[in-house]
Amino acid sequence: GVQTCALPILIAFYENFGFHARIALQWQGEQLLTLGQEQNGGAFGNEPVYLKSNTNLDFSSSYDIGSHFSVFFEALNLTDNIYHTRGRYDNQTLNVVDYGRQFTFGVRAKL
């Protein structure tokens, strides 16, 4: 059967002396996105489009430098999750998008 839930499996954080860290693990069950497929410019009536289940892991941290500056680091999609849709049958792949992992480092200033 189709599951339509997004569950945070783990969200943990730590804060102490200006250091902040957060890790989040989330699972998304397979879900029905829409009825009606378009392939190669043709429409296929009420055929279903499902989003395959996936697991995602994100991490972020920051450190306060005084009261006006902080440095931060984010690592998103550490599980290298892909966006994958399918049709009526499990082996009927409709769309696959690999967004890859994303890493960001920077400095924030506040007045």
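Predicted model: local features only at pLDDT ≥ 70, side-chain atom pairs only at ≥ 80, totals over all residues.
1. Which residue does Glu 30 meet in a salt bridge? The partner is Arg 86, with the side chains 2.9 Å apart from N to O. Glu 30 sits in the loop between strand E2 (19-28) and strand E3 (31-39), whereas Arg 86 belongs to strand E7, so this pair ties together parts of the chain that are 56 residues apart in sequence. Arg 86 also counts as buried, because its relative accessibility is 8%.

2. Next, a look at Asp 90. This residue forms a salt bridge with Lys 52, and their closest N and O atoms are 2.7 Å apart. Here, too, the pair links distant parts of the chain: Asp 90 is in the loop between E7 and strand E8 (93-98), Lys 52 is in the loop between strand E4 (42-51) and strand E5 (54-65), and the two are 38 residues apart. With a relative accessible area of 51%, Asp 90 is exposed.

3. Asp 90 has a salt bridge with Arg 86 as well, the closest N and O atoms lying 3.5 Å apart. Through shared partners, the salt bridges join Glu 30, Lys 52, Arg 86 and Asp 90 into one network. Over the whole structure, a search finds five salt bridges.

4. Finally, I would draw your eye to Asn 77, which is found in the loop between strand E6 (69-76) and strand E7 (82-86). Is Asn 77 buried or exposed? Its relative accessibility is 11%, so Asn 77 counts as buried. The side chain of Asn 77 reaches the backbone oxygen of Gly 100 at 2.8 Å. Once neighbours within four places in sequence are set aside, the residues in contact with Asn 77 are Asn 56, Leu 57, Asp 58, Gly 100 and Arg 101.

Methods. Residues numbered from 1 in each chain as written. Heavy atoms only, no water. Helix = DSSP H or I, 4+ residues; strand = E, 2+ residues; numbered from the N terminus. Buried < 20%, exposed > 50% of the residue type's maximum accessible area, 1.4 Å probe, protein only. Polar contact = N/O pair within 3.5 Å; in protein donor to acceptor, adjacent residues only side chain to side chain. Contact = heavy atoms within 4.5 Å. Salt bridge = Lys/Arg side-chain N within 4 Å of Asp/Glu carboxyl O.
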